[in-house]
Amino acid sequence: MSTVPEQRTAFADLSASVGSFGFLRQSLLANTPMGEGQAYVSVTNTSMDGWRQNSRGFQTLGTIGLITKPAERTSVNVFITAATNQFEIPGPLTLEQWTSNPQQAQSDTTIYKPSYTQRDERRDNRLVRIGATLDHTFDGENGLSATAYVQSKKLQRSERNTWRDFNRYHIGGNAIYRNTQIFGDDMQNRLMVGGDVQYQDGAILFYSLDPTTAGRGTTLRQNKREGALNSGAFVQDEFMAGLFSATVGLRYDAIAYINEDYITPSLDTTATYSRLVPKIGLTYRLAPLANFYASLGGGVEVPAGNEVDPPAVIGSTVPDKSINPLLKPIVSTSYEIGIKGIMDGPTSFLRSLQYDAAAFLISVRNDVVPYNGGSFYMTAGESRRIGFEFGGVATTTNGVTLAASMTMMSTSYVDYVIDSGFINANLAGRTTSYTGNEQSGIPSLSGTVRVRYDAPMIPGLYAEVQSHSTSSYFADDANTITVHGWTVFSAAIGARVWIVSNALALDVLGRLDNLTNETYMASAWVNPDITKGGTPYIDSGLPRNYMMTIGVHYSP
């Protein structure tokens, strides 16, 4: 998502928002032309007391961007982003807790000892990122683009009864060469060749958690380094002839983990993953802005840093490696067939119509699955997702816009057998099969419908209503814990009132979410902990809440 303002002329937007549960936000966006480019600054500060106990949050985000064109065929952009983000975690609730009081935090010591409230589970993240992009066109046929970035992160957490300090750095970049050959009015070829590399590393320190302050204790429990190098290269060729086009490509990825344990050096280990993935796509142009397409592709993804930690579960022995030996690279193969397009003024009533519909099948080998509420991860042998998705936006000549999106999906584990000892210490040495079960954490149906009215007689005045729905799904691979489906409605009304024509305007917005004040399960912790006090897995959704914004727009 780009943060660059679409408006290149000079302007400044300043706004303030207030809302339910102590919600406050202040934002500034200012832009000015700079030769053939532009410069802008964006700052947003947000805070919220939270509805649930122990759920306060604060965030400040700032970006400075320079968009330049030092030569006719060259553009150079530089971005500097800094952010600080602090938030508390109230913890998951059991079904009984959620039914009696969905606003409470997890404070039952028969479930977690110390509980989430006692250890004040929270995150404090700070980062700075500097990035640059370059695009150069050599001639009408050849061009080169490149990006580079460096990022520093300092993360502090009260997590799982430990205090955790992460000091990380992250550097990377990519380069892409492109060539276009035009053979005639209806025939051309586009070739792209590129590569990318990124590396992150840094110190990780775990301490005991001070029982009084819920801050860093005095006992060092873990001192380690976790490095990861990800490099890749690809080639893609697209040939277009008349109404048809065909795309073929190959991508190679190689990923290496380097883990060093400074307390127990015998745990030092490395792991490497690599994969060559092909891509094929066919497109038939039904109309100037409408295409029918079919594609075969896929990808390779490696476990994230927190996912490679060795399992530390009931019944397991002390790990002999610092990287989880149970994990393998995640390899996906996807098939998709669909149609998408744009129609301008298809009827006297419709001003425009955008649509996108597709059927898909995704097969994933070695899908990473969290266990014990995310304290460690396993891989499922193979999973499959088959579904259909649709999206559309219709705008009428009288100012009404209807937007809808929907995804229907059937999921299953095709091959999934694990050691029962990771579920129950008394079952160590046996196996449990989840083959044929639905995938946990994925609803079979989700959709959004939005209706907006822009008043033609009062430019800048609009009102809209929206619904968002999710069907029920399972929170565990055994398919024994159900997360209830839900539908929530929201409404908003806003206006831009010009005080000085094309120079000074007042923006106002009012929004009300969860109109019917539903009590619902917003999300779930997948494969949660099973404790003597119950199984906590529910994150509560917000009740009815409001937000009001007033802003000023100035264009000199």
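Author: The side chain of Ser20 reaches the backbone nitrogen of Tyr546 at 2.9 Å. A polar contact is a pair of N or O atoms within 3.5 Å; within protein, one must be able to donate a hydrogen and the other to accept it, and residues adjacent in sequence count only if both atoms are side-chain atoms. This is a predicted model, in which local features need pLDDT of at least 70 and side-chain atom pairs count only at pLDDT 80 or more, while totals for chains, interfaces and linings use all residues. Residues are numbered from 1 along each chain as its sequence is written, and side-chain values use heavy atoms, with hydrogens and water left out.

Reader: Is Ser20 buried or exposed?

Author: Buried means under 20% relative accessible area, exposed over 50%, and partly exposed in between (1.4 Å probe, protein chains only). The relative accessible area of Ser20 is 13%, so this residue is buried.

Reader: Which residues does Phe21 touch, not counting those up to four places away in sequence?

Author: Phe21 lies in the loop between strand E1 (11-19) and strand E2 (23-34); strands are DSSP runs of E with at least two residues, helices runs of H or I with at least four, numbered from the N terminus. Its relative accessible area of 25% makes Phe21 partly exposed. With contact meaning heavy atoms within 4.5 Å, Phe21 touches Met48, Asp49, Gly50, Trp51, Leu542, Pro543, Arg544 and Asn545.

Reader: Which backbone oxygen lies 3.0 Å from a polar atom of the side chain of Ser100?

Author: Ser100 is placed in helix H1 (residues 95-100). Ser100 counts as exposed, at 58% relative accessibility. The backbone oxygen at 3.0 Å from its side chain belongs to Gln97.

Reader: Why is the protein described as being as compact as a globular protein of its length?

Author: The secondary structure comes to one helix and 28 strands. The globule rule, 2.2 Å times the number of residues to the power 0.38, is compared with a radius of gyration taken over C-alpha atoms. For 556 residues the rule gives 24 Å, and the protein is as compact as a globular protein of that length because its radius of gyration is close to this, at 26 Å.

Reader: What share of contacts between residues at least 6 apart in sequence joins residues at least 24 apart?

Author: Of the 556 residues, 39% count as buried. Among the contacts in question, the share joining residues at least 24 apart is 61%.
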